[in-house]
Every structure is written in structure tokens, then in C-alpha cells.
Amino acid sequence: MAQLWGGRFTKETDRLVYNFNASITFDRKLYRQDIRGSLAHVKMLAKQGILTQEEGSRIEEGLKGILEDVENGTLPITEEYEDIHSFVEANLIDRIGDVGKKLHTGRSRNDQVALDMKLYVRDEIGELDGLLKKLLTTIEKIMEENLHTYMPGFTHLQKAQPLTLAHHLGAYFEMFRRDRGRMHDIYERMNYCPLGAGALAGTTYPLDREYTASLLDFYGATRNSMDSVSDRDYVIELLAALSTVMMHLSRFCEEIIVWNTNEYRFVEIDDAYSTGSSIMPQKKNPDIAELVRGKTGRVYGALMSLLTTMKGLPLAYNKDMQEDKEPAFDAIDTVKGCLALFEGMLSTMKFRKDVMEASAKNGFTNATDAADYLVGKGVPFRDAHGIIGRLVLLCIEKNCSLDALPLEEYQKLCPVFEKDIYEAISMKTCVEKRMTLGAPGAEAMKPVLEEYRAYLEK
């Protein structure tokens, strides 16, 4: 059992206790960050004269060799070590001798693991941002192609008013753009280096914490050593942001699942992102959309797990904080996988434009515009509302749309109707005359799309 402590103890830790305490099975994921942090720490120690330049160079060379060997597979990270820190340090001492024991001068595992986790989260935020940007680029492309693809808009899952596919997807563009903004905000708040905080009260060695921070591309060093080792806000913030990403993906998946049904037929999911049934040969199931929807609860669980872990912890470091890693690692990997698969599904999906437009017509989504037509002819809105309601009821009885109802039927209920009613309630008119900023009319959407393109080109 390779441990970094033991002088105080007179007998070996019970194997069951050791296994329960050890974290190597999951914190091995942090090997790059641990070695990167150690390299910066050693460089600072040599700069400050705490180590000689020769000692610093030997330790740096040893650390780089360990990294290279782990990366190429010749040095496996095995469970004989308690954690990733003891793995690196023990292998360093094996390679370069007693000088390797000086690596840990002026630091504790408390500030070391805080640094490792910050570096890891920061790296993952960059990857998550890239995946979100790719998804936004796909959404924007589909919007460009569907400025005049008419479809029903819904409230309460009931057809409400006509709009375009571009406008509908624009709502998701806004959601995922906010998600990128949250990632940026987390990065800005967390990007301060905890290394040098020690166990909780700093150290008597003359460390240059700002220099270490600059080597690791942080904005600066943290300002309170107790908070430095006990802060996991940035992990909680990331899990909250990831939960929001998953909520947005889940909403989008729910719509795709509905649109994919035989009753709607708005979309056709590519074969590569569908599965069949073991018993029903006609089935083509939206499994990817369903799995993304299902995995949302998994990410929510990670957030609740860490919030619960942290809620009763006194300052400063407590071993409970080791429980931040597994849920965070799992949530990050889950969201990255979901974003990549969802983008692939969306980019290959076919939209049934004719079915969408027919659905908008048959769902009386132009009823409000028909009422507005009467208002334009001098009929009070409340009277117009009642007249159109009776016309809708008539259409339901005749199994037709407002567009297909003969003019004489209109005129029986209200003589002010003329032939121009059909132009007034066409899908094109209903959508294109909505010109306020944020509305679905093509002329209103064009400057919005220009803004989206500029945003993605930054």
C-alpha cells in the first residue's frame, strides 16, 4: 500500500479501511493535471531557492518521463497506490531517488487535489464549450435553410399560431447560447490558483504563489488558504450548468420524439441514430433522443449528490470532499456524449416541410389572424373572437381547414368577409406579417441570424 503518510501510525491500515479511503480507482483521471501542477510547483521552488536548480531540473525530467510513460501505456496506474498523488510521487522517487522526496515541499495534498480538480474542470469547460458551439452552428445552419418552412407553434401541446421551423429552432439557439455563457462565467470565477494554500493555513516556505498561478494560466492566486482547500463551488456551478444543458437537450429530444411519431411525421431520424424492434418489424425508434432525455436525471443526481455532500462541512478540508470527483466525472462525460450524439442526430435529420405546413393549416393556427381580419373590417375584437370560434366549430364538423371553407359559409356568419380572407389567413401572410424583433417573420429573423453568425464567428 503506497501512502504519503504513516510516521504517526504504529500499525498498518486495515485493508478494508484502506480500500474505502483510497481514490486511485477514479482520481487516476487527474494524472495530467497532477503532473502539470507538480511541474509548476517545482519550477517555482527552484526559482525561490527552496530547491537547487539541479534538483528542480531532475524532478522536472522525472515528472515528464512519468507523463510520457503513462500516455504511451508503458506505465499503468495501478490500485497499489492510494491516490494519483502517491502514484506520481512514488514513481518519481523510484526513478530519481531521494531528491524526488522534495517534490512535496511547501504543499499539502489538500491544495494539490484542489488544484488538480480546478485544472480538470477548466479543461473540461473548454471541451464542453466546443461541443455547444458545434451544436449551435448546426442549429443556425438549419435555421438558415428553413426561414420559410411553416409549421404550427404550440402552447399546452395544442396548436396555437403558425411560425417557421427557423423560428422554433431559434428558441433552442438562445438556450444553448445561454449555456455557453454560463460556462464562461464559471471559468471566470474559478480561474484562481489554490496551490500554496497548504493544508489550510499556508506555509512558512517563501513561495511565490502568483508565479505558480501564471505558469498554470490562472488569473492569480486565491486569497484565503482555508477557502482555497475547501472550495468546491466551481464544481457545483458546473454541475448546475450541466443540468441546465441537459434540461435543454431533454426538451428538444421530447419534441423530436413527438415529431417522430406516426401521428405527426414532422421529422425522419437518420437510420444511424435510430433502432428497430426485436419483435415489430415496422418500428423505427428514436432511441438516441430517448436516452438523452433519460440521462438528464443522472446529471441532476450528480448535482444533488455534491450539494448534499457539501452542505454540512465545517472549514476547512474534510475527506467528504473526495466525493466530488465521481459524480462530476460521470456528469461531464455524460453531457459530452449527449451533446455529440444529439448534434449528429440533428445534423442528419430530415424535416417534412409539407407535413409541417399541412399540420399548421389543419390545426386552425390561423384563427387569430382571421379574427384580426374582422377587426380590420371594423368588427369589435370580442365579437370577432366569437365569430371565428363558430367558424372553427363548423370546420371541425366538416373536417376541413379554415383555408378550405367556402366563402359563403364565412358570409353566413358575418357578411363583411370577402375573398381576401384567404390571403389574410394564408400561412405565408400569418407568419411574414409578424415583424417585431424576435418574431417569426423572415424579415424580422434575418438580422437575428446575422447576429447569430457573428456570434459563432467570434
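Mentor: A helix here is a DSSP run of H or I with at least four residues, and helices are numbered from the N terminus. The model is predicted. With that convention, helix H9 covers residues 225–230, and Met 226 is found in it. Together with Leu 200 and Leu 315, Met 226 makes a nonpolar surface patch of about 270 Å². Patches are made of residues with over 30% relative accessible area.

We may now turn to the interior. In soluble globular proteins, nonpolar side chains tend to be buried together. In this model the largest nonpolar core has 97 residues, and those that touch the most other members are Phe 87, Ile 139, Leu 242 and Leu 249. Helix H10, residues 233–259, supplies the largest share of this core, 16 residues. Apart from this core lies another, of 23 residues, which includes Leu 374, Tyr 410, Ile 421 and Ile 425.

Leaving aside residues up to four places away in sequence, its contacts are Leu 135, Phe 176, Val 292, Cys 338, Leu 339 and Phe 342.

Thr 309 lies in helix H11, residues 287–310. Its relative accessibility is 18%, and it therefore counts as buried, the cut-off being under 20%. Again leaving aside residues up to four places away in sequence, Thr 309 touches Asp 320 and Glu 323.

Methods:
Residues are numbered from 1 along each chain as its sequence is written. This is a predicted model: local features need pLDDT of at least 70, side-chain atom pairs count only at pLDDT 80 or more; totals for chains, interfaces and linings use all residues. Side-chain values use heavy atoms; hydrogens and water are left out. A nonpolar core is a set of buried Ala, Val, Leu, Ile, Met, Phe, Trp, Tyr and Cys residues joined through side-chain atoms within 4.5 Å. Buried means under 20% relative accessible area, exposed over 50%, partly exposed in between (1.4 Å probe, protein chains only). Helices (H or I, at least four residues) and strands (E, at least two) are DSSP runs, numbered from the N terminus. Contact means heavy atoms within 4.5 Å. Patches are made of residues with over 30% relative accessible area and no salt bridge: like charges are joined within 9 Å, nonpolar side chains (Val, Leu, Ile, Met, Phe, Trp, Tyr) within 5 Å. Accessible areas come from the Shrake-Rupley method with a 1.4 Å probe; for residues, only the protein chains shown count as cover. A salt bridge is a side-chain nitrogen of Lys or Arg within 4 Å of a carboxyl oxygen of Asp or Glu.
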